[in-house]
Amino acid sequence: MSLYNPAIKRLGGASLSNLRAPQDRVARGSIVFNAWIKNKDMKDDNARAGFLFNPKSGTFDQYVEFQSDLGCTFGSIRPSGELNSFEEHVIMMMPQTINFFVRPLYIPDCWKDCTWADARWMALRIAKLSRADMERSFTECGWPPFAQKVAVEKLISRRNDLVKAFHLEEDGINEIPCDV
């Protein structure tokens, strides 16, 4: 994750509330991703569009939309990045609903249109991340190794919540052992 990643030629903002956002499965399902990392600040200003660099062609030729500001993640409302307040569980199951443990500062309109299928689709993508994928994502963050380990273990626990809640074992996805 980089504020100014040289592999992306930034174009500007990407709406999560207007234009085609409510019809975009990725935008609708992003509620699951943001709950997983406990991102409380997912306003339109924190979503960007750009072109991704293609090493085969040597050009920026693939349009992408991405979240560009994850400063309010992994913690509680004030101390973001405070792993002691980053809970190991992401979901509270109710008889007819799945409730996420996150109190966003802003709710994009596309989240209001998220269906079970959209949420399950995103949960499946998150669940396909391996322990090695998560460990690799923290290797360059600057946190000490013990903090990286805590973050990975809590993300795996939260991933496992998604596996159970969305019945991803039906897709061959199993829980990963973790030690929170």
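**Exercise 1.** Is Trp-116 buried, partly exposed or exposed?

*Solution.* Start with the ground rules. This is a predicted model: local features need pLDDT of at least 70, side-chain atom pairs count only at pLDDT 80 or more, and totals for chains, interfaces and linings use all residues. Residues are numbered from 1 along each chain as its sequence is written, and side-chain values use heavy atoms, without hydrogens and water.

Next, the cut-offs. Buried means under 20% relative accessible area, exposed means over 50%, and partly exposed lies in between (1.4 Å probe, protein chains only). Trp-116 has a relative accessible area of 46%. Trp-116 is therefore partly exposed.

**Exercise 2.** Classify the ring pair of Trp-116 and Phe-166, and state which parts the pair ties together.

*Solution.* A pair of aromatic rings is described by the distance of the centres and the angle of the planes. Rings of Phe, Tyr and Trp (its six-membered ring) pair if their centres lie within 6.5 Å; planes under 30 degrees apart count as stacked, over 60 as edge-to-face and the rest as tilted.

- Step 1: the structure holds 5 aromatic pairs. One of them joins Phe-53 and Phe-60, with 5.2 Å centre to centre and 65° between the planes, and is edge-to-face.
- Step 2: for Trp-116 and Phe-166, the centres are 4.9 Å apart and the planes stand at 40°, so this pair is tilted.
- Step 3: Trp-116 lies in helix α3, while Phe-166 lies in the segment after α5 (145–165), so the pair ties together parts that are 50 residues apart in sequence. Helices (H or I, at least four residues) and strands (E, at least two) are DSSP runs, numbered from the N terminus.
- Step 4: check Phe-166. Its relative accessible area is 1%, so Phe-166 is buried.

**Exercise 3.** Describe the lining of the second largest pocket by residue and by class.

*Solution.* A pocket is an open set of points on a 1 Å grid over the protein atoms alone, where a 1.4 Å probe fits, with protein on both sides within 12 Å along at least five of seven lines; lining residues have an atom within 4 Å of a point.

- Step 1: the lining includes Ile-31, Phe-100, Trp-116 and Phe-166.
- Step 2: β5 (98–100) and α3 (116–127) each supply at least two lining residues.
- Step 3: sort by class. Ala, Val, Leu, Ile, Met, Phe, Trp, Tyr, Cys and Pro count as nonpolar, Asp, Glu, Lys and Arg as charged, and the others, Gly among them, as polar. The lining has 8 nonpolar, 1 polar and no charged residues.
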